[in-house]
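Subject: Structure handover

Hello,

Here is the structure I promised to pass on. Please open it and read my notes alongside.

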Amino acid sequence: MLAEIAPALRGGVGLALRRDPTLGRLSDDDIACAGYGDLYRQTGTRGEPYYRAEDVEPGFEAELLETWWREAARLDPGIPGPETTRPDGTDDGPPARGALGRIAGRSLSVDRVRRALNALTRIRFFGAVSDRLLISDLKQVRRYFTEPKLREAVRTRAAELITPDTRVVVGHSLGSVVAYEVLCALPPERPPLTLVTLGSPLGLAGLVFDRLQPAPQPDRTGVWPTPVKQWTNLADSGDVVALVRELAPRFGPQVLDLLVNNGSEMHSMRAYLTAVETGTAIAIGLAR
């Protein structure tokens, strides 16, 4: 991760310094990466299993996949959405009942999953990502929210790297959820921090926002992580993972929401990090 992230971080901060040389600078020694992919793997294995459409589980995974699919179709008229009929003129129809209905319903569900994967793996949204990797992402998100021991282990990995000298915490995609929850658990008296979230699903009601720890307050606003004095949230307008692109309505007006243009790699971490807007947010945090 560090080999890919460090040059991208330096690139974004470098662009920011061209605009304002008084901002904070960044060296390789200033960067640490919280990796936790190994926590998801079974003992004795490397990489992800070869997932297929049949491996997308009903419930959380199927719902998140369809949510991404609907957003992709909304953003690009060329992508057929869930309500689009098949080439043979049929659609999914009402759910069947009984034992035979459960078998038929599962078949229809897999067909729907295949249609969603076919729509989402078009280059405009996810680049050259495979079905296997996309399904793996679904499972990572679902497991993070449904397996308490795994969730705690992931957060521990990130928390170990946040020292009294840390000034900026950057979280991309699910990593933004991890960063948020870790910062919420830090003591308020620690030195102030800047949080930068990239392509974040934090604002997605039901699947993400309502599952956060600590839970949202009774008025449906998210808890503010006390050590954070500045929070910048960046989203590409075509990033289907960052479905709710403005986090200020969820977490308070202190959040600075910015749109960036990542080109054809809407959700790419590298593209987010090399954006001058991201570099500026990080450099301002370093200069505090």
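A contact here means heavy atoms within 4.5 Å. Keep in mind that this is a predicted model.

**Helices H2 and H5**

Start with H2, residues 60–75, and H5, residues 131–146. Two packed helices are described by the angle between their axes and the distance between the axes. For this pair, the axes come within 9 Å and cross at roughly 125°. Angles from 65 to 115 degrees count as roughly perpendicular, and those over 145 as roughly antiparallel. H2 and H5 are therefore oblique to each other. Their crossing is right-handed.

Which residues meet? From H2 come Phe60, Glu61, Leu64, Leu65 and Trp68. From H5 come Leu134, Leu138, Lys139, Val141, Arg142 and Phe145. Eight residues of this contact are nonpolar, three are charged and none is polar.

H5 also has a list of buried residues, including Leu134, Leu138, Val141 and Phe145. Lys139 and Arg142 are buried too. On length, the 16 residues of H5 should span 22 Å at 1.5 Å a residue. The end C-alpha atoms of H5 are 22 Å apart, so the two values agree.

**Helix H1**

H1 covers residues 2–19, which makes 18 residues. From first C-alpha to last, H1 reaches 26 Å, close to the 26 Å expected. Its buried residues are Ile5, Ala6, Ala8, Leu9, Gly12, Val13, Ala16 and Leu17. What do they pack against? Helix H9 (269–274) and helix H10 (276–287) are the partners of these buried H1 residues.

**Backbone details in the loops**

Look next at the loop between strand S2 (193–198) and strand S3 (228–236), where Pro214 sits. The peptide bond from Gln213 to Pro214 is cis, with omega near 5°.

Arg220 is also in the loop between S2 and S3. Its phi is positive, about 70°, although Arg220 is not a glycine.

Ser173 is another non-glycine residue with a positive phi, near 60°. Ser173 lies between strand S1 (168–172) and helix H7 (174–184).

Are these two residues buried or partly exposed? Buried means under 20% relative accessible area, and exposed means over 50%. Ser173 has 16% relative accessibility, so Ser173 counts as buried. Arg220 has 37%, so Arg220 counts as partly exposed.

Best wishes

How values were computed: Residues numbered from 1 in each chain as written. Predicted model: local features only at pLDDT ≥ 70, side-chain atom pairs only at ≥ 80, totals over all residues. Heavy atoms only, no water. Axes fitted to C-alpha atoms, helices over the stretch in contact; angles between N-to-C directions. Helix = DSSP H or I, 4+ residues; strand = E, 2+ residues; numbered from the N terminus. Parallel < 35°, antiparallel > 145°, perpendicular 65-115°, else oblique. Left-handed = near helix turned anticlockwise from the far one by under 90°. Nonpolar A, V, L, I, M, F, W, Y, C, P; charged D, E, K, R; others polar. Expected span 1.5 Å × (residues − 1). Buried < 20%, exposed > 50% of the residue type's maximum accessible area, 1.4 Å probe, protein only.
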